[in-house]
Amino acid sequence: LHFNLSEGTPLARELRAVWPTFPGLARLLAGAAVGALPRAAIAAEFRAQSDAFAAALGRAPAFVDGHQHVHALRGVREAVLDVVATWPVVPAIRSTAHVPGPAAALKRRVLAASGGRALERELVARGIAHNTVLLGAYGFAAADYRALVRRWLAAAPAEGALLFCHPGDVADGADAIAPARRREAAYLGSAAFLADLEGAGVTIGPAWAKRSSSGG
C-alpha cells in the first residue's frame, strides 16, 4: 500500500472535510513540523485506502510505505501505526531512517530528519518488520540510472537493504518524472540489472528486520 496524502482527492469523508484535495508535500512537511496534521482524519484516510487496496487485490497489504515518504511524518506515522496494530497480520513498513548515497544528499537528510528516525524507533519498539537501510534516493534527472544502482548495490550492507524505485511506462506530461520512470523500467527489466546484481554479490529477497525494544 503506497499511502498517498499529497496528490489527488481523499477517499475518506473525514479528511475531505479538512482537505477537499490533498495538500502538496511542502504543506505536509510544514504541518508535521508544528504538530498540526489532522491525525484522526488521516487515520480514517489510511483505513479507506487500505480498504480500497483489499477490494482491488482481494487481500490486505503485506507492506506499507508512503507516496513521497509521507508515512514517516509526525501525525501520519502515529495514525498508520495505530491502524495497522488492529489488523490480524501487521504488515512490514518502510523505514526512512538510514538512506546512504551516492546522490541527493539534501533529500536523504530530509528523509531521516522529517520523521525517518522517529518512525524507526516506533517500528523497533512495536516489533514491526522493516528495512534497516533504504537505497534509491536521487533527483530523477540523472541520465545514467545504471551507474547509480551499481553504487547503491555496493553500499548495501550484508544484512540487506530496500531499494525503492519508480519504474513505469507513462507518457510525457502525464507524470512529472515520466522520463525517469521509463529509464528505470528499461534498466530493471534488462539483463544488465541481473548482471549488476551478480557482480555485486546481491540477491533479491526479503529485506525486513523484525526487532523489539528487548532485542527480540
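This is a predicted model: local features need pLDDT of at least 70, side-chain atom pairs count only at pLDDT 80 or more; totals for chains, interfaces and linings use all residues.
Here is a guided walk through the structure, from its overall confidence to some individual residues.

The chain has a mean pLDDT of 91, with 96% of its residues at 70 or more. One stretch to treat with care is residues 211-216, where pLDDT stays under 50. For that stretch the model has 11 contacts beyond four places in sequence.

If you zoom in on strand 1, you will find 2 bridges joining it to strand 2 (residues 63-66), with the two running parallel. Phe3 has Gly66 of strand 2 as its bridge partner.

Searching the whole structure turns up 8 aromatic pairs. In one of them, the ring centres of Phe3 and Phe46 are 5.0 Å apart and the planes stand at 85°, so this pair is edge-to-face. Because Phe3 lies in strand 1 and Phe46 in helix 3 (residues 39-57), the pair ties together parts that are 43 residues apart in sequence. Are these two residues, Phe3 and Phe46, buried or exposed? Both of them are buried.

A second pair shows another geometry. The rings of Tyr138 and Tyr145 have centres 5.5 Å apart and planes at 45°, so this pair is tilted. Tyr138 and Tyr145 are both buried as well. They belong to a cluster: ring pairs link Tyr138, Phe140, Tyr145, Trp152, Tyr187 and Phe193.

Aromatic rings can have a charged neighbour too. Arg94 lies over the face of Phe164, at 5.2 Å from the ring centre. You will find Arg94 in the loop between strand 3 and helix 5 (105-126). Is Arg94 buried or exposed? With a relative accessible area of 6%, Arg94 is buried, because buried means under 20%. Leaving aside residues up to four places away in sequence, Arg94 touches a list of residues that includes His2, Phe63, Val64, Asp65 and Gly66. Also among them are His69, His71, Leu119, Asn131, Leu134, Leu162 and Phe164 itself.

Gly116 has 0% relative accessibility, so it counts as buried. Its contacts, not counting residues up to four places away in sequence, are Ala72, Thr96, Ala97 and Leu111. Gly116 and Arg74 are 42 residues apart in sequence, and their C-alpha atoms are 9.6 Å apart in space.

Why can residues separated in sequence point the same way? An α-helix has 3.6 residues a turn, so residues three or four places apart point the same way. Just after helix 2, Gly35 takes a positive phi of about 70°.

Our last stop is Thr203, in the segment after helix 8 (191-200). Thr203 has a relative accessible area of 72%, so it is exposed. For a sense of distance, take Thr203 together with Ala30: they are 173 residues apart in sequence and 39 Å apart in space, C-alpha to C-alpha.

Technical notes: Residues are numbered from 1 along each chain as its sequence is written. Side-chain values use heavy atoms; hydrogens and water are left out. Helices (H or I, at least four residues) and strands (E, at least two) are DSSP runs, numbered from the N terminus. pLDDT is the predictor's confidence in each residue, from 0 to 100. Contact means heavy atoms within 4.5 Å. Two strands pair if DSSP finds at least two bridges between them. Rings of Phe, Tyr and Trp (its six-membered ring) pair if their centres lie within 6.5 Å; planes under 30 degrees apart count as stacked, over 60 as edge-to-face and the rest as tilted. Buried means under 20% relative accessible area, exposed over 50%, partly exposed in between (1.4 Å probe, protein chains only). A charge sits over a ring if NZ of Lys or CZ of Arg is within 6 Å of the ring centre and within 35 degrees of the ring normal.
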